[in-house]
Amino acid sequence: MSERDLLMIPGPVEFDPEVMRALGTKTASHVAPEFISIFGRALKKVREVCLAPSAQPFVVAGSGTLAMELAVANLVEPGERALVVNTGYFSDRMALLLERYGAEVVQEKCAPGEVPEVAAVERVLASGRFKVMTVTHVDTSTGVLAPVEALVKAAGRHGVLSVVDGVCATAGETFHQEAWGADVYLTASQKAIGVPPGLALLTVSQKAMNAWRSRKTPVRSLYADFGEWLPIMEAYEAGRAAYFATPPVNLVYALEVSLGQILREGMEARFARHRRMAQAFRAGWRALGLKTLPVNEAVTANTLSALYYPEGVDVAMLGRAREQGVVLAGGLHPQLKTRYFRVGHMNVVGPGDVLATVGAVERALAAAGHKAQPGAGVAAAQTELLAAR
Ligand code: PMP
């Protein structure tokens, strides 16, 4: 990959140069005063980005799957019931994890590209005795945005803890953890958080922390146990060092820089920018005659596009886009894998990236014989960008 290529996949994404420079800083001791204060500031900023002022943040070396595992391992005990609102590949993974930790799992499923009805989920919640409900904020396999606010509030009404997988959403899609009453927001560094892969992040409500405190059985995983991590997070936030497992020092430097940038942009402004860029992308796709996998605009994510290949075009198109300087991703949902491709639009994404990407897709499609008015996609995206200024 050339350094000038654009990485437009749904994670990892393009990162800001200042964040990359922080990553290359000389590594300090994890108990050095300068690192302690950087880690402490990063933890406070995680709370602000998730709009969860009284939640407990956790930042642990690992990927998004570890963040999912931390939530499950700590909140669920064998035999407890869990409801998975399933919108695709990563909800399947959540169900697998819950089963691995001994939960009795009930799933509310839907066809790829759709989301389950909130009323149907609420009926299941009312039917009984769930400890947790999980929902994938944006399912990266389908590009579907779940109605998280309504779902989380429904769980709250039934006294069920809500766990929201924000790996492909956090700091890109509107989310007000505390105002909505979500108990766990879990994410990873490599998407809209703006830091290379390697960090699992969670913000956990005090209600969920108390549920963990009143467990009857020990957490089955040592590395995922809140009991090991809570004293570490509390110590760093209080300006002291503590050790359980070596923190990823340089990733924490980068995180502190990226979260600072995010907060300077402002959460509402950042959500709005992701929405504006997504709308411009969608205008470009429509003009090129591409159909999105999400069934309607209301369930379409702002962090990525999942698009069916048009007639006569297949996965070879991705290689052609790459020759045009833009890296795209293939399909992921097991039922449709070969029939669609994905374009990530998170973090630093701006108008120039939209136009470059839509242009590259247009040229790649043309090379595959797909007919469209030359420049139609770029013109439609540009029109949308001009209207949204
Ligand atoms: N959940 C969602 C919604 C994701 O998009 C991903 C990664 N694409 C994960 C979980 C798993 O994260 P990771 O690959 O970092 O383990």
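Which residues do ring pairs link into a cluster with Phe35? Ring pairs join Phe35 to Phe39, Tyr236 and Tyr253 in this predicted model.

**Figure 1. Overview of the predicted protein chain.** The secondary structure of the chain comprises 14 helices and 14 strands. Its radius of gyration is 21 Å, which agrees with the value near 21 Å for a compact globule of 389 residues. Along the principal axes, the C-alpha atoms fill a box of roughly 65 × 55 × 35 Å. Of the 389 residues, 60% are buried. Among contacts between residues at least 6 apart in sequence, 72% join residues at least 24 apart. The accessible surface is about 15,200 Å², and carbon and sulfur atoms account for 54% of this area.

**Figure 2. Aromatic ring pairs, including Phe175 with Trp180 and Phe281 with Trp285.** The count of aromatic pairs comes to 13. In the pair Phe175 and Trp180, the ring centres are 5.3 Å apart and the planes stand at 80 degrees; this angle is over 60 degrees, so the pair is edge-to-face. Phe175 and Trp180 are both buried. In the pair Phe281 and Trp285, the centres are 5.5 Å apart and the planes are at 25 degrees; this angle is under 30 degrees, so the pair is stacked. Phe281 and Trp285 belong to helix α11 (residues 267-287), where they are four residues apart, about one turn of the helix. Both of these residues, Phe281 and Trp285, are buried.

**Figure 3. Arg81 over the ring of Phe130.** The charged end of Arg81 sits 4.4 Å from the centre of the Phe130 ring.

Figure 4. Beyond its neighbours within four places in sequence, Leu6 is in contact with Met1, Glu14, Gly325, Val326, Val327, Asp353, Ala356 and Thr357. Val148 is 142 residues from Leu6 along the chain, and the C-alpha atoms of these two residues are separated by 30 Å.

**Figure 5. Arg342, a position annotated in UniProt.** The annotation "binding site", from an unreviewed UniProt entry, covers Arg342. Arg342 is part of strand β14 (residues 340-344). With 9% relative accessibility, Arg342 counts as buried.

**Figure 6. Backbone geometry at Pro12, Arg129 and Asn347.** Most residues other than glycine have a negative phi, and most peptide bonds are trans. The peptide bond between Gly11 and Pro12 is cis, with omega about -5 degrees. Pro12 is in the loop between β1 and α1 (17-23). Arg129 has a positive phi, near 50 degrees. Its position is in the loop between α5 (118-127) and β5 (130-136). At 69% relative accessibility, Arg129 counts as exposed. Asn347 has a positive phi, near 65 degrees, and is found in the loop between β14 and α13 (351-367). At 5% relative accessibility, Asn347 counts as buried.

How values were computed:
Residues numbered from 1 in each chain as written. Predicted model: local features only at pLDDT ≥ 70, side-chain atom pairs only at ≥ 80, totals over all residues. Heavy atoms only, no water. Contact = heavy atoms within 4.5 Å. Phe/Tyr/Trp six-rings, centres within 6.5 Å; stacked < 30°, edge-to-face > 60°. Buried < 20%, exposed > 50% of the residue type's maximum accessible area, 1.4 Å probe, protein only. Helix = DSSP H or I, 4+ residues; strand = E, 2+ residues; numbered from the N terminus. Lys NZ or Arg CZ within 6 Å of the ring centre and 35° of its normal. Rg over C-alpha atoms; globule rule 2.2 N^0.38 Å. Areas by Shrake-Rupley, 256 points an atom, 1.4 Å probe, with all protein chains shown as cover. UniProt positions renumbered as here; feature names shortened; annotations may be inferred.
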